[in-house]
Every structure is written in structure tokens, then in C-alpha cells.
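Hi everyone, thanks for coming along. I'd like to walk you through a structure that may be new to you, so please have a look at the view before I start.

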Amino acid sequence: TWTGEEIVMLIEAVKDGSLSPKAILGADRGIRRWVFDVSQLRTLQQRLPTGQSNWVTVPEMARILEVKQQVAYWLTHYGFVHIERLENDKERIGSRVHRGEIERFRQNYIFGRDIAAILGHSSRKVASMLAEQGIFPLRADGAEACRQLVYARSDEIQRFLAQITGSSP
């Protein structure tokens, strides 16, 4: 779904020549006729920092990260993924996560399931192997652990993976 601001930006980009449709459909009228490369449209949407396409809900973040919603809410609640709270004058009406924040999370953290897939072991076996090396999953201060194993991407993790897989870190 595009906001009015994004549609105006699209029209202006076509008008000034910085974006051109790949094709024009004859059956439709107006801008509905324009056919664009999806990657060009995403780039255009992402130029607007307030653009709706740059924001997702926590359940959408869970789908992107391929985790249960409970895990996504845990990550946001304890500050591993920053959320923006949406409020009106009287109450909190929701929250959202910037797509850049999801990318930052992916760069700084790795799920135990992903390490397990790399190594060809179960998550439980990987957790045990990492614990033997003094590497432990994320925990929030005074809180229960996340129901999914999440590790900080650290030099220790990189060395561990390189040692086990026989590749360079």
C-alpha cells in the first residue's frame, strides 16, 4: 500500500526522468498503466524516511525474521530491536519497527537455528557446544531468556564457526 506522499514522489520521479516505466499497459488509464521494476520502486519508497514501506508491525517483523511473534515481542521489549511507539493524546495506539532496525539486528545477532543449520547439528547441540566455549545466548537483565536462542555476532562466534567448518573467519 502506497501513501499519497509516495505516489506523488513516484509521479515526480517519472516526470523529471529519474525513473521510467519498463512498459505501458494499453488497457488501463493514468498511472495504473505504468509498469516498473520492483527493485526500482522499493528504492524509491525507501528514499522517504517516513514512507510507510519502511515500517512494519512486530508480527510482520516476526515473519521477516522467521520467528514466532512471542520471540519478536521479546526482542523489542528488551531493546534488542528498537520500536517506535505510536501514541495519540490519550493512549498508546501501537508500535512499529523500521526495516533498517531489522537489518541492524541481523548484522549484530544470529539465531541458534542458523548456526545449527551451518553446522548440521541440532540447536540444542549447538547451544551446548557454544556454552563449552563460554558463548551464551542473549538474556535480558533479570528476565527470562528468549524462547529462541539468539547470539550476538561476535569474534568468538566467528572463530567458533571457522574452527568447526574449517573456513577462515
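**A short tour of the chain**

Let's begin on the surface, where Ile7, Ile11 and Ile31 form a nonpolar patch, with about 200 Å² of accessible area together. One of these, isoleucine 11, sits in helix H1, which covers residues 4-16. Is isoleucine 11 buried, exposed or partly exposed? Its relative accessible area is 34%, so isoleucine 11 is partly exposed.

Before going further, please keep in mind that this is a predicted model. The chain has a mean pLDDT of 85, and 87% of its residues reach 70 or more. Which elements have the lowest and the highest mean pLDDT? Strand S4, residues 84-87, has the lowest at 74, while strand S6, residues 109-111, has the highest at 95.

Now for the overall picture. The chain contains eight helices and seven strands. Of its 169 residues, 34% are buried. The accessible surface of the chain comes to about 11000 Å², and carbon and sulfur atoms account for 48% of that. If you take the contacts between residues at least 6 apart in sequence, 54% of them join residues at least 24 apart.

In the loop between helix H3 (58-65) and H4 you'll find glutamate 66. Its phi is near 60 degrees, a positive value in a residue other than glycine. Glutamate 66 is also exposed, because its relative accessible area is 63% and the cut-off for exposed is over 50%.

Helix H4 itself runs over residues 69-77, and its buried residues are Val71, Ala72, Trp74, Leu75 and Thr76. If you are wondering how residues along a helix line up, an α-helix has 3.6 residues a turn, so residues three or four places apart point the same way. Let's stay with threonine 76, in helix H4. With a relative accessible area of 9%, threonine 76 is buried. What does threonine 76 touch, leaving out residues up to four places away in sequence? The answer is Val58, Met61, Val81, Ile83 and Val97. After H4 comes glycine 79, with a positive phi, near 80 degrees.

My last stop is the aromatic rings. How many aromatic pairs does the structure hold? There are six aromatic pairs. In one of them, tryptophan 74 and tyrosine 78 are 5.1 Å centre to centre with 50 degrees between the planes, a tilted pair.

Finally, ring pairs link Trp74, Tyr78, Phe80, Phe105, Tyr109 and Phe111 into a cluster. Trp74 brings us back to helix H4, where it is among the buried residues.

Conventions: Residues are numbered from 1 along each chain as its sequence is written. This is a predicted model: local features need pLDDT of at least 70, side-chain atom pairs count only at pLDDT 80 or more; totals for chains, interfaces and linings use all residues. Side-chain values use heavy atoms; hydrogens and water are left out. Patches are made of residues with over 30% relative accessible area and no salt bridge: like charges are joined within 9 Å, nonpolar side chains (Val, Leu, Ile, Met, Phe, Trp, Tyr) within 5 Å. Accessible areas come from the Shrake-Rupley method with a 1.4 Å probe; for residues, only the protein chains shown count as cover. A salt bridge is a side-chain nitrogen of Lys or Arg within 4 Å of a carboxyl oxygen of Asp or Glu. Helices (H or I, at least four residues) and strands (E, at least two) are DSSP runs, numbered from the N terminus. Buried means under 20% relative accessible area, exposed over 50%, partly exposed in between (1.4 Å probe, protein chains only). Contact means heavy atoms within 4.5 Å. pLDDT is the predictor's confidence in each residue, from 0 to 100. Rings of Phe, Tyr and Trp (its six-membered ring) pair if their centres lie within 6.5 Å; planes under 30 degrees apart count as stacked, over 60 as edge-to-face and the rest as tilted.
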